Amino acid sequence: MSAFVTARDVSGSLTRQSLLVAAVTVVVDCLGFLLSDVSSSPPGYRWAVLAAIVVVDAALATPPRMSGVVAVAQAAVAVGGAALLHGGGPPLQLNGAGLLISAYRAGAWLDRGPAVISLLCLSAGAVAGPALGEDGFQRGRIVLDALANAVLPWLVGRYTTARRAFIAELEQRAERERTERRQALAAAIAEERSSIAHDLHDVISHHVSAIGVHAGVARLKATSALGTVDVADSLAAVETSSRAAMVDLRRLLDFLHGDPAAEDSQPGLDNLGELLDAVRAAGLRAQVTVRGVPPLLPESLDIAAYRVVQEMLTNALRHGDGAAEVELRYTPAALTVTTTNPLSAGPRSGGPPSSRRGLQGIRSRVALFNGSVTYGPSTDGTTWTTSVTFPLDIS
């Protein structure tokens with residue numbers, strides 16, 4: 001609604017300005033004509049020419065699409081008036097102001113073909129008075145009047161239109177850039193939300209799975225007095241996993257608030273020892289083998305690789321048979337993370353939904369770095385292997 005009101009206000013302002021221009025042009029041309037020496041011409045001719053001047057000058061208030069018609073009418077009045085009123089006297093001042101404004105409007109509003117035709121007509125009107133005056137045909141005056149009263153304002157009109165089009169293009173380009181920035185920001189926010197969702201899944205899936213395993217062990221051992229030590233160990237592991245889950249959740253919340261503490265920064269591959277201790281305490285016999293020389297990884301890649309290993313070990317803990325082997329292979333071109341774990345007995349058609357979400361999370365993380373993921377059971381169905389490759393571009 002506001003845009004409609006603004007457009008209506010601009011249209012009304014343009015209408016008022018065009019009426020003012022037409023009125024001032026009428027006054028200027030009429031005064032110029034009345035001050036000219038046309039006493040030798042018949043009164044009827046003088047009043048007819050004056051009326052024609054008023055009409056064509058008032059027509060300057062018409063819409064811009066009429067600019068060609070108005071220009072031809074102005075030229076016709078200039079030529080016809082000079083022909084009717086010439087008597088060997090000085091050059092006549094008929095509708096000079098109207099010719100100037102018409103030339104500008106024709107240059108500013110008309111397409112190339114109609115604009116050029118209007119310019120030719122206006123040039124003829126501009127030279128009619130001097131050509132029929134007492135000095136007769138003077139080439140220098142003819143050219144000067146055509147340039148000053150027709151060509152120059154016509155060129156100014158063309159320039160104004162080109163400048164207006166250029167400014168409009170700049171505004172459209174700026175608007176496109178603003179739109180692209182907004183879209184890029186929205187995409188970045190969506191990507192960050194997805195990343196945070198993956199981190200939450202990793203934290204909850206890993207630590208809560210460990211808590212569930214230890215709680216189950218504690219429940220089973222609580223039925224036997226001989227299992228008192230095992231119960232205490234399991235409850236201690238539950239406490240450790242709960243605290244670890246709270247720490248990771250606090251890291252994510254601090255990150256969302258934009259003020260992550262230095263001591264609670266996102267974990268990377270340097271924290272694999274803590275991760276292994278947690279899964280081993282949960283009952284997973286896990287070991288890591290490093291092949292090659294680990295380079296200094298970008299922070300984002302370091303965090304992503306850690307989360308991938310965490311997800312792999314969580315899947316092995318929940319769906320495997322109590323053991324997992326992780327291999328980190330570094331080459332100049334890539335980092336490859338491979339986890340192999342024996343499968344537990346029982347049906348495994350596609351795995352539970354949590355496993356599928358975990359694998360989807362791994363794919364999403366790796367896709368951010370243009371990496372690749374392969375996973376699946378062995379041919380004999382006894383082991384499961386997940387392999388992830390991150391390309392390295394470290395110079």
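Me: Helices (H or I, at least four residues) and strands (E, at least two) are DSSP runs, numbered from the N terminus. Going by that, where does Glu325 lie?

Reply: Glu325 lies in strand β2, which covers residues 323-330. Before we go on: this is a predicted model, in which local features need pLDDT of at least 70 and side-chain atom pairs count only at pLDDT 80 or more, while totals for chains, interfaces and linings use all residues. Residues are numbered from 1 along each chain as its sequence is written, and side-chain values use heavy atoms, with hydrogens and water left out.

Me: Okay, how many helices and strands are there?

Reply: The protein comes to 10 helices and 5 strands.

Me: Why is Glu325 called partly exposed?

Reply: Buried means under 20% relative accessible area, exposed means over 50%, and partly exposed is in between (1.4 Å probe, protein chains only). Glu325 has 48%, so it is partly exposed.

Me: And what does Glu325 touch, leaving out residues up to four places away in sequence?

Reply: Contact means heavy atoms within 4.5 Å. On that rule, Glu325 touches Gln287, Thr338, Thr339 and Thr340. Glu325 is also 6.1 Å from Val288, C-alpha to C-alpha, though the two are 37 residues apart in sequence.

Me: What makes Asn95 buried?

Reply: Asn95 has a relative accessible area of 2%, and that is under 20%, so Asn95 counts as buried. You'll find Asn95 in the loop between α3 (67-85) and α4. Leaving aside neighbours within four places in sequence, the contacts of Asn95 are Asp29, Ile53, Asp57, Gln74, Val77 and Ala78.

Me: What about α9?

Reply: The helix α9 has 21 residues and reaches 30 Å between its first and last C-alpha, close to the 30 Å expected. Of those 21 residues, 17 are buried, so α9 is largely enclosed by the rest of the structure.

Me: Why are α8 and α9 called roughly parallel?

Reply: Axes are lines fitted to C-alpha atoms, for helices over the stretch in contact, and angles run from 0 to 180 degrees between N-to-C directions. Angles under 35 degrees count as roughly parallel, over 145 as roughly antiparallel, 65 to 115 as roughly perpendicular and the rest as oblique. The axes of α8 (residues 272-281) and α9 (residues 299-319) come within 11 Å and cross at roughly 10 degrees. That angle is under 35, and therefore the two helices are roughly parallel to each other.

Me: Which residues make the contact between α8 and α9?

Reply: Leu272, Leu275, Leu276 and Val279 come from α8, and Tyr306, Val309, Gln310 and Leu313 from α9. They divide into 7 nonpolar, 1 polar and no charged. Here Ala, Val, Leu, Ile, Met, Phe, Trp, Tyr, Cys and Pro count as nonpolar, Asp, Glu, Lys and Arg as charged, and the others, Gly among them, as polar.

Me: Last one: what makes the phi of Asn370 worth a look?

Reply: Most residues other than glycine have a negative phi. The phi of Asn370 is near 60 degrees, a positive value in a residue other than glycine. Asn370 lies in the loop between α10 (353-367) and β4, and counts as exposed at 68% relative accessibility.

Conventions. Expected span 1.5 Å × (residues − 1).
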